[in-house]
Amino acid sequence: MLLRSVTRSSSNASTSLFFRLFPRSYFSRSSPATGRNIRRLSAAGTGSELFLRRGLRLLPAAASGCLSGQFSLAVSTQTATSYPGQDEAEKLGFEKSREEFISECKSKAVLFRHKKTGCEVMSVSNDDENKVFGVVFRTPPKDSTGIPHILEHSVLCGSRKYPLKEPFVELLKGSLYTFLNAFTYPDRTCYPVASTNTKDFYNLVDVYLDAVFFPKCVDDVHTFQQEGWHYELNHPSEDISYKGVVFNEMKGVYSQPDNILGRITQQAKHRFTALCPENTYGVDSGGDPKDIPKLTFDKFKEFHRQYYHPSNARIWFYGDDDPVQRLKVLSEYLDMFDASPARDSSKVEPQKLFSGPRRIVEKYPAGGDGDLKKKHMVCLNWLLSEKPLDLQTQLALGFLDHLMLGTPASPLRKILLESGLGEALVNSGVEDELLQPQFSVGLKGVSDDKVQKVEELIMSTLRKLADEGFDTDAVEASMNTIEFSMRENNTGSSPRGLSLMLQSIGKWIYDMDPFEPLKYEEPLKTLKARIAEEGSKAVFSPLIEKFILNNPHCVTIEMQPDLEKASQEEVEEKNILQKVKASMTDEELAELARATEELRLKQETPDSPEALKCVPSLNLRDIPKKPTYVPTEVGDINGVKVLRHDLFTNDILYTEVVFDMGSLRHALLPLVPLFCQSLLEMGTQDMSFVQLNQLIGRKTGGITVYPFTSSVWGSDVPCSKIIVRGKSMVGRAEDLFNLMNCVLQEVRFTDKQRFKQFISQSRAGMENRLRGSGQGIAAARMDAMLNAAGWMSEQMNGLSYIEFLHTLEQKVDQDWEGISSSLEEIRTSLLSKNGCIVNMTADGKSLTSTEKFVGKFLDSLPEKPSSGQVTWDARLPLRNEAIVIPTQVNYVGKAGNIYSSGYKLDGSSYVISKHIGNTWLWDRVRVSGGAYGGFCDFDSHSGVFSFLSYRDPNLLKTLDIYDGTGDFLRCLDVDEDTLTKAVIGTIGDVDSYQLPDAKGYSSLLRHLLNVTDEERQIRREEILSTSLKDFKEFAEAVDSVREGLQWPWHHKKTLMQQTKNAQIFSK
């Protein structure tokens, strides 16, 4: 997902607007590895986080059989006590357009209109402390130069009231934000923030309002060059290169085959054969790297002038803050503007439907491993309607999407994957976030001679579904799953108000009703009644007929692998730059070299203390001296340890059952992720996997199974567990534990063909990670050389796992009996009442009523004596490594164990590592170096300190920056304000907002890792007392990483030129 939020978005039950909590794919300002989200502890979108950061590896089984983000009954809230009346609103320049109580989210929502500019404001009030603000502009581009995306990056680089280089980064350093970002859609740009602290919240609001309406970037070409693109020339004798954060970000995007397919689907560059050739969706708002250098500074400035105006804005407030204060803050900004025609000029025109189907054949850059003839992709895409759909139809299409594709048991998904024609689904599902909805379905890993068969199978399966309808149990399971998800509203660590904002804006941005998407109860009731009265076939079959089978607006896209494409594109870019240089005089080259140095000097020169003081911030008096404690009662049921967390969960039970992996043979470790998937996607003696999957969907909110590994501070023995997670309504607790028992003990490992599918899907997913998330693969590889927990994790989720999957794929047909036996051995090794831990989160009464079902479940587990623990002390060989992949950007990592150098853990290390990432690495790797992200991470459990970059144009330069970190700390001279900001920002990480399920889960992880409340208090006090002396002393620890492991990724030619003493692999 390219949405780069600094919190984590939760798993979603469907791609439909009604069920998707956050946008599926667009662009935002901070990279996936930036900010508060760096390897936060999570599983299945819970949003949980431990106090001690990183080192924990949660590996959800690939393509798990049950959805993880399911059933939340709306937030228990009350309306705000104070609300602006019409007279008060009038005095502030607003008129009230509409007012409603939204029962689904227990909120009072009022739509205001600013009389002078026409700006619309949605003010949503309740008792949710996680307050949300957002301003959204309609920003339809006319070309693929990436203007909206570059502008989204640039407006946060200083403004009228905050004239420093990057107020956004200052907020990252010293705010208690729970969400802080901006992101670009194909037709709009969003700027949301959130915080639970009211003072902090309004600080964020003011910085963002000033940024979007009065940015410095429209008068500063350097910001445009930094965030967008520029020619870089260090010396007239050297080659010219392109640099720019967005330029390199999009190079990474255009290196991933799945992303290339998605862009071809939308864009009009293919001789009017794409899905939307005639409107703004026919170009790339993010920017095509081939087109980005065509953007001029004048066009950039004009785009802001035209669209970043209150008349073209929609503004959202949500939470428990004062509604009158909201309007007061806005009026100070909006009153400075007159009305503008921007609202009319920014309207998105619909794409007219084609009269017949069309076809595209394109190439994508492929690696040299495997048989290229089996690496084709094919996807069928339909534009569903010329006009936006009504609420009832949109809801029904969302259910249809889930029925066809939402789970492994869904018929269209199941038939395609079981056909053996491809490895995994690609770009499949309903997409309804834009003006016109679309539906796509396809496969990747297809043989060149099977492409036509895939297309035929898709159409014949859709035809069969229209003719025969869906199984009654499937409809019931889908209905329960989706309704559970809608009511639970579990947005993980991301704010619920942001989820509601994005749902509302999906209609509001097109001048439709912003209230409608928030009110699902009546449409849902109507749909359920229709299904009950007419039958599901009468509801869903006409939708398949009308929107898909009889819809002429279909574009089929075939993607063919090309070994030479990446190198050809590199040569093309080099030739363009050579021509640019050849066209310049000696004086012009000297001027370009001077301008390059001028930009670099500006980027690397810190803001003055005076400038930094203008950014509003909290002070240490605003920070609680004690950590947040989760109510935890440790007891036992039938001899098994049980952790109970008495929290209000709206009648939902959240539970985890933990089993120890300590006695598992080393050789079986790589099989564990596939074992977990098999538990949920193979059948029992009495039920097929489809029936089991449907039963779980009908009775619960989902079950997941995954491995968890982590180093443990102060111990050489890693923590290694299998965690079974589930949730249900409290009244269904017996069903939940019965189904957990069924999954664990009754599933049979006998379906060879399905297991082969699991391997293909897992391999395809991991290979996609190599290109899209190389920093994660690199981090795992380095950890595996430095500690046992890292080795275990890498065997299950790293490069070693990819290699294992390749070998296993060949072995299945030769020795299926042996593999099946190994899966059974894993179950026997893990499944035991001895050493088991149960974790439960719900209100006290519900916990008590559930105990009898827990006892019955535990009594059904084998009670065998503890077998000998396996010694987990394996490591990968210590060496520098490099992997060659067909991508236009790099991922550069370096790591070392600072405990080995004698460093003793202190809470100040969290403050220091955060400061390094937000200053030294941000300025040198991202701002000056042009990478999309540069960051560091300290795993306090193992002692591993790692540097990583994301979509980086450099190799050795980035490694040199890493090596200069110690000197940076020694020369650092920070004032009290800067130090306070660093401390407050770190506390924001520690005290991250959590929903009840995440609180219970975090408590479980702390228990597993022996992190006591006393230790948390000690670390907090160390954080709050961090001094400049601590920074200086930490330099010695960082220096020990200088001789550590380095891991650069790039295309082969540059890699061979720049990387020495490294083991090189090709992929």
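**Helix H27.** I started with H27 in this predicted model and listed its buried residues: Leu799, Ser800, Tyr801, Ile802, Phe804, Leu805 and Leu808. Then I checked the helix length. H27 covers residues 799–811, and at 1.5 Å a residue its 13 residues should span 18 Å; the end C-alpha atoms sit 19 Å apart, which agrees.

**Strand S12.** Next I went to S12, residues 313–319. How many of its residues are buried? I got 7 of the 7, so the strand is largely enclosed by the rest of the structure. I sorted the side chains by direction: Ala313, Ile315, Phe317 and Gly319 point one way, and Arg314, Trp316 and Tyr318 point the other way.

Strand S5 (residues 120–125) pairs with S12 in the parallel sense over 6 bridges, and Met122 stands opposite Trp316. Strand S6 (residues 131–138) runs antiparallel to S12, also with 6 bridges; there Phe133 has Phe317 as its bridge partner.

**Salt bridges.** My search of the whole structure gave 76 salt bridges.

- Lys161 and Asp206 have their closest N and O atoms 2.7 Å apart. Lys161 is in the loop between helices H2 and H3 and Asp206 is in helix H4, so this pair ties together parts that are 45 residues apart in sequence. Lys161 is partly exposed at 36% relative accessibility, while Asp206 is buried at 13%.
- Asp291 and Lys294 meet at 3.0 Å, N to O. Asp291 counts as buried at 17%, and Lys294 as exposed at 54%.
- Lys1029 and Glu1033 meet at 3.9 Å, N to O. Both are in helix H36, 4 residues apart, which means about one helical turn between them. Lys1029 is exposed at 56% and Glu1033 is partly exposed at 46%.

I then noted a network: salt bridges with shared partners join Glu120, Arg138, Arg314, Arg343 and Asp511.

**Cavities.** Last, I searched the whole structure for cavities and found 15 of 30 Å³ or more.

Methods:
Residues numbered from 1 in each chain as written. Predicted model: local features only at pLDDT ≥ 70, side-chain atom pairs only at ≥ 80, totals over all residues. Heavy atoms only, no water. 1 Å grid on protein atoms, 1.4 Å probe; cavity = no way out; pocket = protein on both sides within 12 Å on 5 of 7 lines; lining within 4 Å. Points joined across faces, edges and corners; volume = space filled by probe spheres on them. Buried < 20%, exposed > 50% of the residue type's maximum accessible area, 1.4 Å probe, protein only. Helix = DSSP H or I, 4+ residues; strand = E, 2+ residues; numbered from the N terminus. Pairing = 2+ DSSP bridges. Expected span 1.5 Å × (residues − 1). Salt bridge = Lys/Arg side-chain N within 4 Å of Asp/Glu carboxyl O.
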